[in-house]
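This report looks at charged side-chain pairs and at one helix in the structure shown here. Please keep the structure at hand while reading.

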Amino acid sequence: MTPATGPATTDAPATPTASARAIADAATIVRWCDTLAAVSQDDGRTTRVYLSPEHARVNAMVAEWMQDAGLRTWQDAAGNLHGIVDAATPDAPVLLLGSHLDTVVDAGRYDGVVGVLMAIRTAARLAASGPLPFALQVIAFSDEEGTRFGKALLGSSAVAGVWDDAWWDLEDGDGTTLRQAFTDFGLDPARVGEAALPPERLVGYLEAHIEQGPSLEQAGQALGVVTSIASARRFSVEAVGEARHAGGTPYERRHDALLAAAEAALAVERICRAEQHVGTVGTMSVEPGAVNVVPGLARFSVDLRGEFDEGRDRVWESITAAFDEIGARRGVTVSPTEVHRAPAVFCAPALMDAVRAGIAATGEVAPVELFSRAGHDAMSLGLVTDVAMLFLRNPDGISHHPDEFVSEDDVALGLDALAVAVERIADDRAETR
Ligand code: HGY
Ligand code: MN
Ligand code: MN
């Protein structure tokens with residue numbers, strides 16, 4: 001087949017340089033990112049959650065872009081959007097490419113989205129350059145962030161066939177259960193198992209994503225190879241004290257739930273810093289929530305990440321011991337409930353080699369290799385098939401924020417790298433036959 005990057009695959013330029021095809025595709029992708037950012041439940045900012053009207057709208061828009069690119073499309077039983085370039089035979093293996101279309105609250109425009117759109121253009125480009133020994137299936141995952149139900153990776157968990165029926169009773173902020181939201185979206189909860197792809201058919205999964213951190217910018221490189229993805233746990237914590245009069249209650253009679261929660265949040269930071277982990281209290285609410293009432297109840301979230309599962313769990317034990325101590329001292333019950341757990345995922349050496357070859361083809365001789373503290377759909381896919389990720393430079397490392405950015409030039413380089421990575425996987429399969 002014709003190499004995806006033309007001469008770059010055999011005669012790499014000294015400075016990373018993108019092909020004309022990639023430069024044109026990158027311009028389209030950046031324009032599409034802008035278009036999708038406007039599909040939001042909130043005016044003036046981007047918030048797009050699982051099983052919402054905005055989810056349905058972006059699936060319809062992206063399906064059209066997939067069809068224009070020559071992909072055959074469908075929505076699966078968990079609301080993920082798929083587009084495929086079929087192989088010559090119907091039972092051929094399948095290489096998956098993808099990322100997600102859902103967002104956090106007040107999101108940037110590239111997290112997840114840019115990886116989906118790069119996958120579409122890559123599939124179209126490779127389909128045009130000759131037959132591959134596998135089908136190329138692009139997946140736009142429907143829920144990676146967990147913004148609506150607290151549990152992340154719902155879309156990719158369905159595709160990986162690791163759906164847990166306990167999730168049906170999860171509720172969003174309005175008390176709507178996941179089960180009800182499925183029905184409201186026009187999906188049948190009883191059929192979610194149909195979203196699972198047969199692992200024996202899969203060659204692997206490749207995901208392009210912005211870094212969401214500053215390492216590539218600091219290294220002065222556009223692209224990086226991910227070695228592993230962080231082990232993560234998330235908790236919803238309830239601190240129950242006693243609501244009382246703010247004037248009449250002396251300190252020794254108080255059981256202030258907010259102060260216990262505030263101390264607990266500081267303990268998360270202190271322990272995680274000491275143990276080289278990251279822990280975040282990202283939400284906190286108080287009841288009854290009146291200026292002249294000592295708070296009787298505080299609810300907060302904890303997001304905990306580390307490189308290895310054992311370290312993460314050890315750190316969580318220290319955090320819960322601190323919660324118990326704070327609660328006992330203040331007469332407040334501090335009770336965590338786990339809402340999400342994902343093991344560390346290690347990228348497959350052969351697929352990492354393919355990503356390295358892709359980056360090398362752009363002219364980068366010594367690509368940065370990095371561990372991802374951010375979670376990705378590749379974590380779910382990694383439970384059933386080989387995975388690898390290509391990171392794109394994210395200036396200032398800012399993400400989950402409207403200032404999140406990736407340059408069109410870096411997207412173009414990423415497109416060339418992704419195309420060569422897929423070609424390398426195809427060549428490797430041909431050699432092992
Ligand atoms: O939270 C994360 O790590 C990811 O961006 N969903
Ligand atoms: Mn994100
Ligand atoms: Mn993401």
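## Salt bridges around Arg233

The model is a predicted one, and it holds 25 salt bridges. Arg233 takes part in a salt bridge with Asp313, in which the closest N and O atoms are 2.9 Å apart. Because Arg233 belongs to strand β7 (residues 231-240) and Asp313 to helix α8 (residues 309-330), this pair ties together parts that are 80 residues apart in sequence. With a relative accessible area of 9%, Arg233 is buried, whereas Asp313, at 22% relative accessibility, counts as partly exposed.

Arg233 also meets the side chain of Glu338 in a salt bridge, with an N to O distance of 2.5 Å. Here, too, distant parts of the chain are linked, since Arg233 lies in strand β7 and Glu338 in strand β13 (residues 333-342), 105 residues apart. Glu338 is partly exposed, its relative accessibility being 31%.

## A bridge between two helices

A further salt bridge joins Glu263 and Arg329, whose closest N and O atoms are 2.8 Å apart. This pair connects distant parts of the chain, with Glu263 in helix α7 (residues 257-274) and Arg329 in helix α8, 66 residues apart. Both ends are partly exposed: Glu263 has a relative accessible area of 23%, and Arg329 stands at 47% relative accessibility.

Returning to the pairs of Arg233, salt bridges that share partners join Arg233, Arg312, Asp313, Glu338 and Arg341 into one network.

## The buried side of helix α5

Which residues of helix α5 are buried? In this helix, which spans residues 178-185, they are Leu178, Ala181, Phe182 and Phe185. These residues lie on the same side of α5, because they cover an arc of only 105° around the axis. As a general point, an α-helix has 3.6 residues a turn, so residues three or four places apart point the same way.

After α5 comes Gly186, which has a positive phi, near 95°.

## Summary

Arg233, a buried residue, forms salt bridges with Asp313 and with Glu338, and these residues belong to one network together with Arg312 and Arg341.

Note on methods:
Residues are numbered from 1 along each chain as its sequence is written. Chains are lettered from A and ligands numbered from 1 in the order in which they are written. This is a predicted model: local features need pLDDT of at least 70, side-chain atom pairs count only at pLDDT 80 or more; totals for chains, interfaces and linings use all residues. Side-chain values use heavy atoms; hydrogens and water are left out. A salt bridge is a side-chain nitrogen of Lys or Arg within 4 Å of a carboxyl oxygen of Asp or Glu. Helices (H or I, at least four residues) and strands (E, at least two) are DSSP runs, numbered from the N terminus. Buried means under 20% relative accessible area, exposed over 50%, partly exposed in between (1.4 Å probe, protein chains only). The arc is that of the directions from the helix axis to the C-beta atoms.
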